[in-house]
Amino acid sequence: MLSSGGKPSAEVASAPQGSAKIWSPPDSTAAAGAPPTSRRRNRTSMDRLTLVKGSQVHVEWEHLHMGCLACCTAAVYMFNQLLSFPFWVTKVRQQSDPRRLPMSTVMRQVYAEGKLRRGLYRGYLITCGGATPAVVCYALSYQKLKHFFSANHNLPWVIQWMGPLLAGVSAECVYCLLGIVPEVVGQKLQDPERPPAQRRFPTVVREIVAADGLRGFYKGFSLMLAVWGVCSGVWWLCYEHCKASLGGRWATFRVAGSFEVDPGKVLSGSCASTLAFAVANPIDVIKTRVQMDTGGRRYRSAWHAARTLVRSEGLRGLTRGMLPVVLPRTVLGAWSSVTYEAVLHISCWEATSAAAAAAKPAK
């Protein structure tokens, strides 16, 4: 990765004790005893890199402020969901309705039922607010696991290369254990076959417990893990490697303070998000059908739901709800890359400031 000026500095002052490590590109005249793979490891490292006055600051896992990272992640998640929640409601309606209605028609129907509060944003606080602790645990788990795979050079290079995918899938397991309950309840609130008077949180909870017991809150857990595991793994794998290739190709621009937005990272986030959600959409359709089936009246298992769907609607049935998922995610993927880098920048503010002071030439 290069600085906004296009050339990284060759010499950087050493950091004081306890500050962030200063990383500089390997010199071509390095000692003969240096490992031959040091250049490749430096270029493909998935650790946090922040540009400071033409040098690269390598911020380790221990330099992240956990409380700040958790609070920023929760705030960014709620804001992102505020933008994308109407599309999620439309997606659930399209995937659960046997009629093949276009996205615009479904969105108008939902809006006509209850405008914004009881229509497009029905169940927002329950679905997103309930999943916020799971998202925070997901972010912390991913950062820790990503650092483990990238910093452990004893692992095979294939494992290191797939580190973002493995970290994303593992972190998604943590998210699904906590996040499936608000998702199941939120999807029930969007059931088109349910009368509007019964789309209330207490009514839905009582119905789930009466029909399936506490197991009903974990209906479709394996499918949810498959959907979000694929999304998370593919997104992080594409984003981290595209960021390593495209980051620094174009001039960055300063947003606030010392935080700079890199167009290469923004493009990486958009492409990764589009690919990830398009790949996972067929599994998401099956998951929605299973979770909406209270009491198991329609489908005996996920495999039975998949066969029934393909038999009645063909392979096109697996593409239901793809447009309201992929369309906003193309834009939100770019926004997610900016917010992700900003959250890391804020969370390691002390380490970045110390490294910037160390890199500043002495007067």
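How many aromatic pairs does the structure hold? The structure holds 14 aromatic pairs, where rings of Phe, Tyr and Trp (its six-membered ring) pair if their centres lie within 6.5 Å. This tour visits some of them, after a note on the model.

The model is predicted, and local features need pLDDT of at least 70, side-chain atom pairs count only at pLDDT 80 or more, and totals for chains, interfaces and linings use all residues. Residues are numbered from 1 along each chain as its sequence is written, and side-chain values use heavy atoms, with hydrogens and water left out.

**The whole chain**

Display the chain as a cartoon. Its secondary structure comes to twelve helices and five strands; these are DSSP runs numbered from the N terminus, helices being H or I with at least four residues and strands E with at least two. Of the 363 residues, 47% are buried (under 20% relative accessible area, with exposed over 50% and partly exposed in between; 1.4 Å probe, protein chains only).

**Helices 2 and 11**

Select residues 66–96, helix 2, and residues 322–347, helix 11. The two helices pack at an angle of about 175°, with their axes 10 Å apart. Axes are lines fitted to C-alpha atoms, for helices over the stretch in contact, and angles run from 0 to 180 degrees between N-to-C directions. Helix 2 is therefore roughly antiparallel to helix 11, a term for angles over 145 degrees. By class, their contact has 15 nonpolar, nine polar and two charged residues. Ala, Val, Leu, Ile, Met, Phe, Trp, Tyr, Cys and Pro count as nonpolar, Asp, Glu, Lys and Arg as charged, and the others, Gly among them, as polar.

**Phe85 and Tyr124**

A pair of aromatic rings is described by the distance of the centres and the angle of the planes. Select Phe85 and Tyr124, whose rings form an edge-to-face pair, 5.5 Å centre to centre with 85° between the planes; edge-to-face means planes over 60 degrees apart. Phe85 lies in helix 2 and Tyr124 in helix 4 (residues 124–151), so the pair ties together parts that are 39 residues apart in sequence. Phe85 counts as buried at 1% relative accessibility, and Tyr124 counts as buried at 11%.

**Trp235 and Tyr239**

Next, select Trp235 and Tyr239, which form a stacked pair, 4.8 Å centre to centre with 25° between the planes; stacked means planes under 30 degrees apart. Both lie in helix 8 (residues 221–246), four residues apart, about one turn of the helix. Trp235 and Tyr239 are both buried.

Technical notes
Parallel < 35°, antiparallel > 145°, perpendicular 65-115°, else oblique.
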